[in-house]
Amino acid sequence: MSNQPGGEHAVTLIPGDGIGPEVTHSALSVIAAAGVTIAWDEVEAGAEVVSKYGTPVPDEVLNSVRKTGVALKGPIGTPVGGGFRSANVTLRQTLDLYASVRPVKNLPGVETRFEGVDLIVVRENTEGLYSGLEHRVAPGIVESLKVVTEKASLRIAEYAFSLAERDGRREVAAIHKANIMKLSDGLFLECARRVAKQHPGIEYRELIIDNCAMQLVRDPEQFDVLLLENLYGDILSDLCAGLVGGLGVVPGANVGDGCAVFEAVHGSAPDIAGKGVANPTALILSSVQMLRHLGEADAAGRVEAAVHATLANPETRTGDLGGPANTRTFTEAVCAHLSEGV
Ligand code: NAI
């Protein structure tokens, strides 16, 4: 298995927690219906495996992704406050998946307040306030350390500008709070400026995070590629998902130099887990990104078209989009469109 286009691909499968197994099952059916052959190496990660392995991310998971270089992942829950460290953060940091890439685009038939949203959130995935460096200074006082390095800031900026060039994008906007965090966000911004100078064909601007949040909910069509550090990227990607139909429809990828893990923006949705009503669109569209990464551009395009056709029909939309479909019937509709060759 060589992960060559047209051949059999080896991909790690992490079903995850909550609605994870439901939406990954859907994505697998759709990929199979598109005629792409994948040898799935299914591994367990998440809250359920902590009692068995003492960690939510056993070595088996990391070794599998290192070997295949590609993973499709369902969401993994993280306890609030105490409990184990986030499996997602561990996976991203250990495998150095430094770029989180989330395309946010209006979908056919999914009515929202806006019509022309077409932006990409590029988030630094390995440091900032997610470094896990927290301590109690004295009773009633804690510190969480925000780590920003020149190396990580330069490479995420380079990733954003290269992506903008590759995808024919117009602009990169660096989002920051360097007026307050003069050193940490200041370094992030200084690196973005340096990289911007090396890409004169792409426009560059800077926005303070609070202003950016306001502009996003008023006039999101103005944005193209957003470059953010870890926490701002995490928060604004959910906000951006809300602009185009919610968490059920926005895909994502975590990319490093050696491997890539494809997953939806949404979490494990404990409120609807096990009910069979989750919208699998986000993970199916993450699979579209994965198929392109594997060199299966034709299959990726067909799956995307089939998802669009399914969403365009109000009868085959899931409940989060106001439709009567559930995970199974939505998936069947996508597969039917694929076999019809939409
Ligand atoms: P969430 O994204 O799981 O859910 C937020 C709301 O959106 C819920 O009402 C949920 O029902 C709805 N929703 C999410 N995905 C949906 C889908 N596919 N179809 C229909 N409705 C959907 O966010 P929440 O509740 O903040 O987090 C739950 C758990 O997920 C937490 O433990 C969190 O740490 C984890 N999480 C994991 C992520 C990952 O694995 N990449 C990302 C975000 C959160």
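Tutor: Let's start with domains: their bounds come from an automatic or database domain assignment. With those bounds, the lining of the second largest pocket draws at least three residues from each of domain 1 (1–98 + 247–342) and domain 2 (113–243). By the way, this is a predicted model, where local features need pLDDT of at least 70 and side-chain atom pairs count only at 80 or more, while totals for chains, interfaces and linings use all residues. Residues are numbered from 1 along each chain as its sequence is written, and side-chain values use heavy atoms, leaving out hydrogens and water.

Student: What makes a residue part of the lining of the second largest pocket?

Tutor: A pocket is an open set of points on a 1 Å grid over the protein atoms alone, with protein on both sides within 12 Å along at least five of seven lines, where a 1.4 Å probe fits; a lining residue has an atom within 4 Å of a point. Here 29 residues pass, and the closest to the centre are Pro103, Asp167, Gln289, Arg292 and Glu304. Helix H9 (281–293) gives the most, five residues; helices are DSSP runs of H or I, at least four residues, numbered from the N terminus.

Student: What volume does this second pocket have?

Tutor: About 690 Å³, whereas the largest pocket has about 1,100 Å³. A volume is the space filled by probe spheres set on the points, which are joined across faces, edges and corners.

Student: Why do you say the largest pocket lies between the domains?

Tutor: Domain 1 and domain 2 both give residues to its lining, so the largest pocket lies between them. Of its 32 lining residues, Thr78, Ser86, Val89, Tyr130 and Asp234 are the closest to the centre. Helix H4 (87–94) and helix H8 (230–243) each supply at least two.

Student: Why is the set of 85 residues called a nonpolar core?

Tutor: Buried means under 20% relative accessible area, exposed over 50%, partly exposed in between (1.4 Å probe, protein chains only). The largest core has 85 such residues, and those with the most contacts inside it include Leu119, Leu216 and Leu226. Helix H5 (residues 150–166) gives the most, seven.

Student: Which residues does Leu119 touch?

Tutor: Contact means heavy atoms within 4.5 Å. Beyond neighbours within four places in sequence, the contacts of Leu119 include Arg102, Phe223 and Cys240.

Methods:
Core = buried A, V, L, I, M, F, W, Y, C linked by side-chain atoms within 4.5 Å.
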